[in-house]
Amino acid sequence: MEIMRIVVTGPVGSGKSTFIRTISEIEAVDTDCKATDEVATLKQKTTVAMDFGRLQFGPNVALHLYGTPGQERFDFMWDILIRRAHAFILLVSSHRPQDFRAARRISAFMRYRAKIPMVIGLSHADNPNAWPAEEIAIALGYLSPYGRPPMVPINALDPASVAAAMVALVEAYARHQASQLNCNALAN
Amino acid sequence: MNTHQVWNEYSKGEAMKITGYLSEFSLGEIFRFLEQGQKTGCLSIKPIQTQEDLSSTYENQEYYIFFRLGQIVAASPSLDHQGLQDLIERRGWLRKITIQRLLSLCPRDLPSGVCLKAQGALDPAQLQLLFKQQVLTPIPQLFSLDEGWFKFDAHHPLPYEEMTGLSASPMEIAVAGLRLLKDWTALMDKLPLPDSTIVSAVSGQPPYHLNSREWQVWEHVNSAIKLKDIATALQLPVLEVQKVCFRLMVAGLVEEIASIAEVKTDNAKANSSKSETKSETTEISSSFLQGVLTFLRTTIHV
């Protein structure tokens, strides 16, 4: 069985669980619990361990999706998830600038620790208070368009939109793998 | 529709709108954003609550800061374009009627300060004083605001009448403002976490002047030491180190990296690294990638 493992990450309330439920062919396994802290002001339930979804598109081939816990105190899960991940998508709510700090922290962590291909998925881009994608990129620390990860609009409730984001991510992974192979070939 | 098309369609609908509350996105972060993004336009800040120690000049009043290519070129409590002329007249250097007569001799897109200097009406030292009074003195006070609404208008024309021709780095001003800040209540949830580490975001030494405490913390950049451990080493409260790191972050000098406990597996134990998680993935075959792309693209078109 060949499996590609994708991590879906982002600040609390960015739509990670919804994203996985929307694309998963199985009933997504979630570990949502009633939120009792400041998260409760944002949503009734929050993920405490991880979400899991699967997309099998052939007899021996499948995509596995893992959602990171939204609460940083459950952060030991992160190490487990990213250790085996091939690529990840960072979800950011375009209309919540207060989330950009957390998104930047996650993004910096992944850039520094994981070094795997990524895509930034921007939700709520049609909200009147949404920041433009270019400005969000700068707020997340990607100052130059060069070397910036692909950024795609996301509606986590819409299967076509989620699939389009996954296409962008798989394409990013394919480019990354090709460049790695080229580097290895040159080294040899 | 491929990914590139999706992005292009998305980009077309964008309107330049940068707004929010200072409690969500602090002034220091806004300044860093505008400088690093090399933005041109007008940042307006409307206080929602006032503080007793805030100068009465700025209470409940919008304040406007003008940027050109990421640098602050002017600031004013109003948009009537009279601020600089008022300052000059108040200092007794020139009367308004004289200023206006001199300005009428210069192109409209020339900063007033440059025009007046070119005609010998003001000297460089006077322009420095005016710029300091206009920009460097009031802006740090804005950092004391408990709450405010900010809006950045990238289409606002440059106010040449308010400009001395001098400019200042917003990140340097932000750091200066944060050094003076006594009440950090509004910024507490924006500080880097005690368990985080910091890495340098610049190559070599910092391009700005750091004070001694900032230098002490800077010495621990890239050392993979948590902020709380830096505090112990420096015999400082953790909160003090968090504040210093926040200033360094606002100055664009460091990036916070969340420190996450590694779970040691047998493979990981053999190849553990302090800074980079050892990947345990295998390569994905090209036939897999082709297959998944075909499948996902079908989903998009269903």
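**Salt bridges and packing**

Analyst: The side chains of A:Arg148 and A:Glu134 meet in a salt bridge, at 2.9 Å from N to O; the term covers a side-chain nitrogen of Lys or Arg within 4 Å of a carboxyl oxygen of Asp or Glu. This is a predicted model, where local features need pLDDT of at least 70, side-chain atom pairs count only at pLDDT 80 or more, and totals for chains, interfaces and linings use all residues. Residues are numbered from 1 along each chain as its sequence is written, chains are lettered from A and ligands numbered from 1 in the order in which they are written, and side-chain values use heavy atoms, with hydrogens and water left out.

User: Is A:Arg148 buried or exposed?

Analyst: Buried means under 20% relative accessible area, exposed over 50%, and partly exposed in between (1.4 Å probe, protein chains only). A:Arg148 has a relative accessible area of 15%, so the label is buried.

User: Which residue forms a salt bridge with A:Arg104?

Analyst: A:Arg104 lies in helix H3 (residues 100–113) of chain A and its partner in strand S7 (residues 254–257) of chain B, so the pair joins two chains. Helices (H or I, at least four residues) and strands (E, at least two) are DSSP runs, numbered from the N terminus. A:Arg104 counts as buried at 8% relative accessibility. The closest N and O atoms are 2.7 Å apart, and the partner is B:Glu255.

User: How many salt bridges are there over all chains?

Analyst: One more pair is A:Arg54 with A:Glu25, at 3.2 Å from N to O. Salt bridges that share partners also join B:Arg179, B:Glu214 and B:Arg247 into one network. Over all chains, the count comes to 14.

User: What is the handedness of the disulfide of B:Cys106 and B:Cys115?

Analyst: A disulfide is a pair of cysteine sulfur atoms within 2.5 Å, and the sulfur atoms of B:Cys106 and B:Cys115 are 2.1 Å apart. The torsion about their S-S bond is about 85°, so the disulfide is right-handed.

User: H1(A) and H5(A): roughly parallel or roughly perpendicular to each other?

Analyst: Helix H1 (residues 16–23) and helix H5 (residues 159–187) of chain A pack with their axes 9 Å apart, at an angle of about 100°. Axes are lines fitted to C-alpha atoms, for helices over the stretch in contact, and angles run from 0 to 180 degrees between N-to-C directions. Under 35 degrees counts as roughly parallel, over 145 as roughly antiparallel, 65 to 115 as roughly perpendicular and the rest as oblique. H1(A) and H5(A) are therefore roughly perpendicular.
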